Amino acid sequence: MPTLQIRHLANSLFCTLLLSAPLVHAQEPADEEDKEWREVALQLPEAPKTENLLNFYKSNSQSFAIDTKSLLVASDGTIRYTLVATSEGGAKNISYEGLRCQSYEVKLFAFGRPDGTWSRSRRNQWDTISSTGANKQHSTLFSDYFCEGRTIAGKVNVLLDKLRGKKMSYY
């Protein structure tokens, strides 16, 4: 008889644990995706140097390059880089930007000045990437180089390899 009582007690305990398992699971913290995203603090890179520029896209009126020394995969899941846009006439626009694969967004952090310093952007907002119009540089970075679906395509060295190994896109 004592063996039967022990079995009964063990079965009762097992059933109690089995039934309470969903309750314990429901109290666990939310998945990583459910947590509120927080942007890491901005650290501006050095001004780009011509020898570090890697062309990746050409529109009808401009060519676009990434400063390879500025490329960073930040701990917040953003890809940060210096973009140099050069017009057919030779005028250059330099910007330090961030791209979020998870949300298909881009943000302008700062603009480069001729003396090598930065002017921070007044706009502190992430914007949906546009794939229409003359300037498709951000959608090209997203789809051809930096992202695989809604995830980052790899570490910095992988992204640089993709930029170096793929011919420039012409649209």
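This tour moves through the structure in a series of selections and describes what is found at each one. The model is a predicted one.

**Helix 3**

Begin by selecting helix 3, which covers residues 156-165. Within this helix, Leu159, Leu160 and Leu163 are buried. Turn the view to look down the axis of helix 3: its buried residues fall within an arc of 100 degrees, so they line one face of the helix. Next, select Asp161 and Gly165, which are exposed on the other side of helix 3.

What lies over the buried residues of helix 3? Display strand 1 (53-58), strand 2 (62-73), strand 3 (78-87) and helix 2 (137-146), which are included in the cover.

Two of the elements just displayed lead to the next stop. How many aromatic pairs does a search of the whole structure find? The search finds eight. Select one of them, Tyr81 with Phe146, whose ring centres are 5.7 Å apart. Their planes are at 55 degrees to each other, and the pair is classed as tilted. Tyr81 belongs to strand 3 and Phe146 to helix 2, so this pair ties together parts that are 65 residues apart in sequence. Are these residues buried or exposed? Tyr81 has a relative accessibility of 0% and therefore counts as buried. Phe146, also with a relative accessible area of 0%, is buried.

**Phe109 and Trp126**

Now select Phe109 and Trp126, which form an edge-to-face aromatic pair. The distance from centre to centre is 6.1 Å, and the angle between the planes is 85 degrees. Phe109 is found in strand 5 (residues 105-112), while Trp126 is in the loop between strand 6 (118-120) and strand 7 (127-128), so the pair ties together parts that are 17 residues apart in sequence. Both Phe109 and Trp126 are buried.

What does the charged end of Arg100 sit over? The charged end is placed over the ring of Trp37, 3.7 Å from the centre of that ring.

**Salt bridges**

Side chains of opposite charge can pair when their charged atoms come close. The structure holds five salt bridges, and the tour visits some of them.

Select Glu39 and Lys107, whose side chains meet in a salt bridge with an N to O distance of 3.1 Å. Glu39 is in the loop between helix 1 (2-26) and strand 1, and Lys107 is in strand 5, so the pair ties together parts that are 68 residues apart in sequence. Glu39 has a relative accessibility of 30% and counts as partly exposed, whereas Lys107, at 4%, counts as buried.

Continue to Arg80 and Asp76, which form a salt bridge whose closest N and O atoms are 3.1 Å apart. Both of these residues, Arg80 and Asp76, are buried.

Which parts does the pair tie together? Glu148 lies in strand 8 (residues 147-148) and Lys162 in helix 3, so the parts joined are 14 residues apart in sequence. Glu148 counts as partly exposed at 48% relative accessibility, and Lys162 counts as partly exposed at 24%. With Lys162, the tour returns to helix 3.

Note on methods: Residues numbered from 1 in each chain as written. Predicted model: local features only at pLDDT ≥ 70, side-chain atom pairs only at ≥ 80, totals over all residues. Heavy atoms only, no water. Buried < 20%, exposed > 50% of the residue type's maximum accessible area, 1.4 Å probe, protein only. Helix = DSSP H or I, 4+ residues; strand = E, 2+ residues; numbered from the N terminus. Arc of directions from axis to C-beta. Contact = heavy atoms within 4.5 Å. Phe/Tyr/Trp six-rings, centres within 6.5 Å; stacked < 30°, edge-to-face > 60°. Lys NZ or Arg CZ within 6 Å of the ring centre and 35° of its normal. Salt bridge = Lys/Arg side-chain N within 4 Å of Asp/Glu carboxyl O.
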